[in-house]
2 protein chains.
Amino acid sequence: MINELIQKIEKKDAPIVVGLDPMMNYVPEHIQKKAFEEFGETLEGAAEAIYVYNKGIIDATYDLIPAVKPQIAMYEQFGIPGLMAYQKTCAYAKEKGLVIIGDVKRGDIGSTSAAYAVGHLGKVTVGGKQYAPFDEDFATVNPYLGTDGIQPFIDVCNENNKGIFVLVKTSNPSSGEFQDQLVDGKPLYELVAKKVVEWGEKCMGDVYSNIGSVVGATYPEMGKVLRKLMPKTYILVPGYGAQGGKAEDLVHYFNADGLGAIVNSSRGIIAAYKQEKYAGFGSENYADASRQAVIDMIADINGARAKA
Amino acid sequence: MINELIQKIEKKDAPIVVGLDPMMNYVPEHIQKKAFEEFGETLEGAAEAIYVYNKGIIDATYDLIPAVKPQIAMYEQFGIPGLMAYQKTCAYAKEKGLVIIGDVKRGDIGSTSAAYAVGHLGKVTVGGKQYAPFDEDFATVNPYLGTDGIQPFIDVCNENNKGIFVLVKTSNPSSGEFQDQLVDGKPLYELVAKKVVEWGEKCMGDVYSNIGSVVGATYPEMGKVLRKLMPKTYILVPGYGAQGGKAEDLVHYFNADGLGAIVNSSRGIIAAYKQEKYAGFGSENYADASRQAVIDMIADINGARAKA
């Protein structure tokens, strides 16, 4: 699956992914109103509102971008109807030719991790039949439980041509509490990175591995080191824009081949119409604002890379 | 919520929890057959089979136990219908007076962790209304992202009288890859334990905190140390039985007050009828086998504690 992702990144010259993390207060009034009129102020109404909102953004941006990254928590909070909106969002984005990175941050052990892997990336067997319940292309995975938690994902990725991104160094302020602790003189995240490389060798694409990593844009010096430690590992980079990561900080997340990183923006794209810069679009035209924000983000990142 | 859990543990003299982790090959033939006849070999059929199976086990054991711990991965693998079965299982067990420990191992940052917390333990707002989508009493949480990932859960627990169990030292063979690494001469899991104590102070019950921990039965020496490091922290103990943890190893997971630990068994209870010891029950009477296995487990654990 990493091959397909790279192909789309190259074709569109856009090493970015749009994070579909719909907070209800991002969803324009007119969409909420219509959904609530039809379904009431219910979980179904909320789910309809976020799906319609997502669809508008996908329609306005799919020709520019290789992938979307829906954050499942934002759907799961609305229970079963929310999770149905997650599934519909994934299916719709896939229909539009996008790679789906399910930001699910799952992780458990043995048969339990296998169940997550099968549910999100593989096929589950029921009697004599098989189903692909969520069918994302990639999933994010938490490494705290070690190889026991990752191996089942590797197996499912190999069987189904899918991939994962393992959390290495996350973008949040307190990520250092555990991740930066020194182990034999090196931060824990470097040890995780080494394991990611090992796991990655068991699940290679043509040049890069199907086992990627997550390294936050907010720690550019660490990103530079991690890029070198994991030469064949794709880096999914959260934290650009709203969280403070800048394009010039991200040039070192890429390899000399121009590949190796895909930068996520969520709020900065999907709620662009709420920023002063894009306010002229108005909430009715929120999706056009998102399109412009995508164009600006690609120019920002590719511009910084050209200068570097 | 820890107060309620303790009350039920004391009333039933049973510091145990039954893990509802239904693998399809645990579900007796007659239940599968009936579900598939009604719904076909579909995700709905699988979901019906595991719900009926769970219901049988709950009906046969609820008077003996304080809590159940459904493992959401086993439901999530069957997509939306599977998650509906998870929700129905939680609701049914709650109806029977049981405390629900959702083994969801979620964990993210900021507003994303808040969304998980709200979806599983709190109430989500839709327009002028509020809903409790999954409404477990406790959830398991992964600590890799630090305080940013935990604080939103603490807030929701305080608002809704709920609790969490944070992964400290997991029961699986490779848990040491990261968790045992020495940081300033002490294993990482001890550092996580110290943070759990800190977090716990912000969310106290009467004697114990609503912020508990997970420490595997398979590492009894570490459990002994962790018990002392976290005096007011309840320990949820996976790994008893099928994974190799023995009752005599677990006596040190309890405090002198006789409290402080709750031991989980999943396969050993729910698939008891598949063991030679309980084979006499037959698959038709699988729930009676589970009841006997619960009785035996309580006797085993309380017996070891009485001897210690």
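How are H3(A) and H5(A) oriented to each other? In this predicted model, in which local features need pLDDT of at least 70, side-chain atom pairs count only at pLDDT 80 or more, and totals for chains, interfaces and linings use all residues, side-chain values use heavy atoms, with hydrogens and water left out. Residues are numbered from 1 along each chain as its sequence is written, while chains are lettered from A and ligands numbered from 1 in the order in which they are written.

Helix H3 (residues 43-61) and helix H5 (residues 79-95) of chain A pack with their axes 8 Å apart and at an angle of about 15 degrees. H3(A) and H5(A) are therefore roughly parallel to each other; angles under 35 degrees count as roughly parallel, over 145 as roughly antiparallel, 65 to 115 as roughly perpendicular and the rest as oblique. Helices (H or I, at least four residues) and strands (E, at least two) are DSSP runs, numbered from the N terminus. Axes are lines fitted to C-alpha atoms, for helices over the stretch in contact, and angles run from 0 to 180 degrees between N-to-C directions. The crossing of H3(A) and H5(A) is right-handed, a crossing being right-handed if the near helix is turned clockwise from the far one by less than a right angle, and left-handed if anticlockwise. Among the residues of H3(A) that meet H5(A) are A:Leu43, A:Ala47, A:Ile50, A:Tyr51 and A:Ile58, and the H5(A) side includes A:Pro81, A:Ala85, A:Tyr92 and A:Ala93. By class, this contact of H3(A) with H5(A) has 9 nonpolar, 3 polar and 5 charged residues. Ala, Val, Leu, Ile, Met, Phe, Trp, Tyr, Cys and Pro count as nonpolar, Asp, Glu, Lys and Arg as charged, and the others, Gly among them, as polar.

H3(A) also packs with helix H2 (residues 29-39) of chain A, where the axes come within 8 Å and cross at roughly 140 degrees. H2(A) and H3(A) are therefore oblique to each other, and their crossing is right-handed. A:Ile31, A:Gln32, A:Ala35, A:Phe36 and A:Phe39 form the H2(A) side of the contact, with A:Glu44, A:Val52 and A:Tyr53 among the residues of H3(A). The residues of this contact of H2(A) with H3(A) divide into 8 nonpolar, 2 polar and 2 charged.

Chain B can be laid on chain A with an RMSD of 0.0 Å by a turn of 180 degrees and a shift of 0.0 Å along the axis. That is the relation of a two-fold axis; superposition is by least squares on the C-alpha atoms of residues with pLDDT of at least 70 in both copies. Of the residues of chain B, B:Val183 comes closest to the rotation axis, with its C-alpha at 2.8 Å. The copies meet through the same surface, because 100% of the interface residues of chain B are also interface residues in chain A. A:Thr112, in helix H6 (residues 110-121) of chain A, is in contact (heavy atoms within 4.5 Å) with B:Gln71, B:Ala73 and B:Met74, neighbours within four places in sequence being left aside. A:Thr112 counts as buried at 8% relative accessibility, where buried means under 20% relative accessible area, exposed over 50% and partly exposed in between (1.4 Å probe, protein chains only).

B:Tyr234 lies in the loop between helix H10 (220-229) and strand S11 (235-237) of chain B and is buried, with a relative accessible area of 0%.
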